[in-house]
Amino acid sequence: MSMYFYPPSVEELISYLNKLPGVGPKTAQRLALHLLNTREADAVGLARAITATREKVRRCAVCGNLTDDEVCPVCSDEQRDASVICVVEHPGDCIAMERTGQFNGLYHVLHGALSPMEGIGPAELNMDSLMQRLRGGNIREVVMATNTGVEGEATALYLARLIKPLGIRVSRLAYGVAVGGDLEYTDEVTLGRALAGRSDI
Ligand SMILES: [Zn+2]
């Protein structure tokens with residue numbers, strides 16, 4: 001009920017902050033008041049960064065990862081091994097893989113995992129473009145690096161069934177330590193080990 005006392009503009013800010021993941025009403029209030037008290041350059045800079053990001057960033061036409069360009073820097077890098085594609089759920093997973101320093105192939109970002117409970121089927125994910133890539137190019141291996149939960153496993157198996165008939169090797173990261181964990185929160189040593197120990201599925 002304390003929100004009643006804030007001016008409408010502040011209430012609006014609070015309600016937007018409240019929509020962010022992990023931000024409840026109390027935290028939203030605290031953040032809103034912080035933004036009002038912080039240096040103007042920081043608050044305005046934040047607003048500008050959000051607007052600029054939303055205007056500039058899009059999905060790479062090849063891999064679906066976030067990029068400021070038509071094709072992302074990884075896909076346009078000719079030094080990378082274009083015959084290996086690592087399939088991940090989220091853009092952050094690519095960052096995690098890059099941090100291992102052990103992967104020199106390309107990526108494909110699904111933007112989620114299969115989840116019948118949430119109504120997420122193959123059509124809701126960036127899967128068609130993956131299959132097009134695989135049919136079109138000289139790909140010798142697809143590394144399934146979806147998360148280790150039920151949905152990530154189901155997604156990896158679903159794709160493996162589609163990909164293997166194309167004569168392409170499909171492997172899965174050798175998780176073990178971070179079972180149930182998200183790739184993007186797995187440390188680079190564990191992830192590097194999981195990559196090195198990957199096996200065919
Ligand atoms: Zn790309």
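Which exposed residues does the face of helix 1 turned away from its buried side carry? Let me come back to that after a word on the model.

What we have here is a predicted model, in which local features need pLDDT of at least 70 and side-chain atom pairs count only at pLDDT 80 or more, while totals for chains, interfaces and linings use all residues. Residues are numbered from 1 along each chain as its sequence is written, and side-chain values use heavy atoms, with hydrogens and water left out.

Now to helix 1, which spans residues 8-17; helices here are DSSP runs of H or I with at least four residues, strands are runs of E with at least two, and both are numbered from the N terminus. Its face turned away from the buried side carries the exposed residues Pro 8, Ser 9 and Tyr 16, where exposed means over 50% relative accessible area, buried means under 20%, and partly exposed lies in between, with a 1.4 Å probe and protein chains only. Val 10, Ile 14 and Leu 17, in contrast, are buried in helix 1. These three cover an arc of only 65° around the axis, which puts them on the same side of helix 1; the arc is that of the directions from the helix axis to the C-beta atoms. The buried residues of helix 1 pack against helix 2, residues 25-37, with contact meaning heavy atoms within 4.5 Å.

Let us move on to the zinc ion, which is coordinated through the SG atoms of Cys 60, Cys 63, Cys 72 and Cys 75, at 2.3 Å. Donors are N, O and S atoms within 2.8 Å of the metal, or 3.2 Å for Na, K and Ca, and since water is not among the atoms, sites may look incomplete. Cys 60 lies in the loop between strand 1 (58-59) and strand 2 (66-67), and Cys 75 in the loop between strand 2 and strand 3 (81-88), so the pair ties together parts that are 15 residues apart in sequence. Cys 60 counts as buried because its relative accessibility is 4%, and Cys 75 counts as buried at 18%.

That brings us to strand 3, which is largely enclosed by the rest of the structure, because 6 of its 8 residues are buried.
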